[in-house]
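Let's take a walk through a protein model together. Have a look at the sequence and the 3D view below, and then we'll go through the parts.

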Amino acid sequence: MSLAGADTLPGEFTFTDADFDALARLARSEFGLSLASSKKPLVYSRLARRLRARGLASFADYMSLLDQGDEAAERLELVSALTTNVTSFFREKHHFETLRTALIPELAAQKRIRIWSAGCSSGQEAFSIAMTLLDGVPPGARDLRILATDIDPAILRKARSGRYPAEDCETVPADFRSRWLRPLPGQPEMVEVSAELKALISFAELNLICDWPFKGPFDAIFCRNVAIYFDQDTQQRLWTRFAEKLRAGGILFIGHSERLSGPALPEFTTAGVTTYRKGATPGPLRPT
Ligand SMILES: C[S@@+](CC[C@H](N)C(=O)[O-])C[C@H]1O[C@@H](n2cnc3c(N)ncnc32)[C@H](O)[C@@H]1O
């Protein structure tokens with residue numbers, strides 16, 4: 001146990017205020033993550049297992065390790081420890097209702113439909129979008145693609161597998177379950193999404209605060225429960241960049257505790273709960 005000074009959190013590892021400040025600077029500059037000083041005990045408890053795993057004695061040692069050029073994987077472990085991958089099928093289901101009742105009828109007139117799930121975690125959000133699209137878009141009009149990105153390569157491997165505990169699929173509507181989810185042979189407690197769904201989605205690693213190597217435009221962007229980890233400047237830059245990637249009339253869906261603010265606000269019209277349409281037309285979305 002370290003009791004090295006008043007600014008040191010008591011515990012297994014030495015963690016001074018200076019260590020916390022250095023960690024917060026790194027988390028912000030590389031990943032946009034906002035760590036208020038009140039989060040010091042939380043950060044300690046989340047990262048203690050990384051120090052143990054790496055055989056380190058203090059957070060100062062951990063910072064030195066993160067500074068090394070070949071420790072990119074540990075930096076991602078840091079993001080994983082400081083954020084959560086919590087997600088579920090049809091989470092915040094009013095967004096999928098909006099996709100089905102308001103956006104899909106408009107999209108059906110287009111040949112090409114592009115949707116981005118930004119911060120997709122283990123993929124349930126992207127598969128929920130895929131099911132909603134396949135259900136709602138007439139077969140003849142289907143040039144559908146979903147881009148699903150996350151910073152965390154381990155969670156993306158899970159997403160690409162499309163395999164989930166059966167109990168996690170209870171929020172999938174029953175008719176969608178029977179169309180697109182199958183029990184895994186020999187593992188009745190697990191299900192796998194169909195190849196038809198997987199074929200619509202490209203999963204890719206992307207740090208949202210870095211460059212985006214694709215043009216768009218997208219018809220809809222889902223970025224839910226991700227910006228909540230970012231400081232306000234990073235959030236506001238993100239909203240502006242999303243506005244640039246959406247087509248006129250495209251929709252941005254954000255998480256239940258997130259709000260649009262800053263220079264991007266005039267670009268959008270509120271179109272429902274945590275739902276924003278780019279441009280002033282055609283006004284609030286109404287279910288058909
Ligand atoms: C709570 S999950 C949200 C999953 C899904 N969007 C939902 O709402 O159910 C947050 C995800 O954001 C990802 N994330 C955190 N920081 C990121 C960053 N800088 N760039 C891209 N993804 C990030 C995490 O890896 C995690 O999978």
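How many residues of domain 1 are in contact with residues of domain 2? Eleven residues of domain 1 touch eleven residues of domain 2, where contact means heavy atoms within 4.5 Å. Before going on, note that this is a predicted model, in which local features need pLDDT of at least 70, side-chain atom pairs count only at pLDDT 80 or more, and totals for chains, interfaces and linings use all residues. Residues are numbered from 1 along each chain as its sequence is written, and side-chain values use heavy atoms, with hydrogens and water left out.

Now for the two domains. Domain 1 covers 17-82 and domain 2 covers 94-278, with bounds from an automatic or database domain assignment. Taken over C-alpha atoms, their centres are 29 Å apart. Between them, about 850 Å² is buried, and carbon and sulfur atoms give 53% of that; buried area here is the accessible area (1.4 Å probe) that two parts lose on being put together, summed over both. On the domain 1 side, Arg28, Gly32 and Leu76 supply 44% of the area it buries against domain 2, more than any other three residues.

Next, look inside. In soluble globular proteins, nonpolar side chains tend to be buried together. The largest nonpolar core here has 49 residues, and those with the most contacts inside it include Leu47, Leu78 and Trp116. Such a core is a set of buried Ala, Val, Leu, Ile, Met, Phe, Trp, Tyr and Cys residues joined through side-chain atoms within 4.5 Å, and buried means under 20% relative accessible area (1.4 Å probe, protein chains only). Both domain 1 and domain 2 give residues to this core, so it lies between them. Leaving aside neighbours within four places in sequence, Leu78 is in contact with Leu23, Leu26, Phe31, Leu47, Tyr62 and Leu66. A second, separate core has 39 residues, Phe89 and Cys169 among them.

Phe89 also brings us to the rings. The model holds 22 aromatic pairs, meaning rings of Phe, Tyr and Trp (its six-membered ring) with centres within 6.5 Å; planes under 30 degrees apart count as stacked, over 60 as edge-to-face and the rest as tilted. Phe89 and Tyr164 have ring centres 5.1 Å apart and planes at 80 degrees, so the pair is edge-to-face. The two residues are 75 residues apart in the chain, and both are buried. Elsewhere, ring pairs join Phe90, Phe96, Phe176, Trp180, Phe222 and Phe253 into a cluster.

Key: Buried < 20%, exposed > 50% of the residue type's maximum accessible area, 1.4 Å probe, protein only. Helix = DSSP H or I, 4+ residues; strand = E, 2+ residues; numbered from the N terminus.
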